[in-house]
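Student: I would like a close look at one part of this model. Please take me through it step by step.

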Amino acid sequence: MGSYLLCGLPACFTRKHKVAEAGPPADVKEMFKKYAEGGTHMTAEQLWQFLVEVQGHGGVSIEDAEQIVDQVLQRWHHIARFTRRSLTVEDFHHYLFSTDLNPPLGNQVYQDMTAPLSHYFIYTGHNSYLIGNQFSSDCSDVPITKALKRGVRVIELDLWPNSAKDDVLVLHGRTLTTPVELIKCLRAIKENAFSASPYPVILTFEDHLNPHLQAKVAQMITQTFGAMLYSPESECLKEFPSPEELKYRIIISTKPPKERREKKGINNRKDISAKGKISTEDVLGKEPPDLTANQADDERSDYDTSEHNQCDEDNTEACDRVTRASGTLAYKRLIAIHNGKLKGCLKEELNLQLEKVRRISLSEQKFEKAAVSYGTDVVRFTQKNILRIYPKQTRVNSSNYKPMIGWIHGAQMVALNMQVFQYTLLQYDCVLLLVSF
């Protein structure tokens, strides 16, 4: 009911009018008709049947349904609840769209969580350490904490050496973002990982470290997470464990060090220094502010030989053995989900039959092209393996793409920017929580 003031000669007076409400849509009417068995009122028993068969509330009782009927009648009819205990189609409509009586999400997981990890959509963040935009904002452990409390299950960290090359920083490489120490991020993850969900938290690393610092990261991770850390018994997983098996566990996912040395081995050191490039999934602008040109060249060479090992180029095999012994193997053992390196044609990679399962990452543009050109191959790949999609480089303002195309092709990790909580993200948030662990 509303009112407005109507003025005219010789006086002003108030006129009341009733605001017309939109009636129940056709699908609500159809559902009401089905469970009310063609009648004009739905009893508590009929509502209970609807809650069990349609809403999936297996633990609800008829007494619970009677209580819902009373609450609906009291809210919209006040006195009518004393004369009848059944719902009209309008009452049923009110109940369905009531956020407190019929919330969109339940507090308990009722889906089967015993299938392999690749069978589930996973709530995934992109550059989880950034406070704002992708180019000049601060890096911090605060947005990581916020993301985990909202239920995000995949946290991305970009690992870089500091200027002295004795510690590990988290920052968006080749941008103006200010770094944060890795240990702060790891501690925030430990404290908040399971505040919203008991299911596993996956840490995806974009690794720009030499073997010495990789060994330091392995030590940090082991000391910080302890028994929470999931370390696979076998280096090559033929099938991912289930979310149920991985409850309260932390999982590491990145490219194994051996794969990186294949591309940046000692024999190719001069070529890499000349090109001055490092392959990354998502890069912008220039080198981190605390790296000079000479330091950057040193950093690239450090992929191949540890600082504390004095090896010459003629003894590459001995250098490699020493490097492995110094901690690279310890780092590699922590990687439960291997991020595969794309070699050649993407279509061939998607159809490559390997004994082990893996993860691959594609930018939103590459994925959209792949979905159009060979969508069936993408779906087949995601049946056993994990596909991660991340925003394109030009989304400097931390905007997001439409994730639905990824979901319908089975992409488990559709990475979204959590830094700027825009309406577009709010739209997809409920959908993500509905289908992911």
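Student: How many residues does helix α7 have, and how far does α7 reach from its first C-alpha to its last?

Tutor: Bear in mind that this is a predicted model. Helix α7 covers residues 211-225, which is 15 residues. From first C-alpha to last, α7 reaches 21 Å. That is close to the 21 Å expected at 1.5 Å a residue.

Now the ends. Asn210 caps the N-terminal end of α7. A side-chain oxygen of Asn210 lies 3.1 Å from the backbone nitrogen of His212. At the other end, Gly226 follows α7. The phi of Gly226 is positive, near 55°.

Next, burial. The buried residues of α7 include Pro211, Leu213, Gln214, Ala215 and Val217. Further along α7, Ala218, Met220, Ile221, Thr224 and Phe225 are buried too. Buried here means under 20% relative accessible area.

For contrast, take a loop residue. Phe121 sits in the loop between α4 (89-96) and α5 (142-149). Its relative accessible area is 23%, so Phe121 counts as partly exposed. The C-alpha of Phe121 is 7.8 Å from that of Gly410, although the two are 289 residues apart along the chain.

Last, a sheet elsewhere in the model. Three strands make an open sheet, ordered β11-β12-β13, with parallel pairing. Five bridges join β11 to β12 (residues 386-390). Within this pairing, Leu362 has Ile389 of β12 as its bridge partner.

Definitions and conventions
Residues numbered from 1 in each chain as written. Predicted model: local features only at pLDDT ≥ 70, side-chain atom pairs only at ≥ 80, totals over all residues. Heavy atoms only, no water. Pairing = 2+ DSSP bridges. Helix = DSSP H or I, 4+ residues; strand = E, 2+ residues; numbered from the N terminus. Expected span 1.5 Å × (residues − 1). Buried < 20%, exposed > 50% of the residue type's maximum accessible area, 1.4 Å probe, protein only. Polar contact = N/O pair within 3.5 Å; in protein donor to acceptor, adjacent residues only side chain to side chain.
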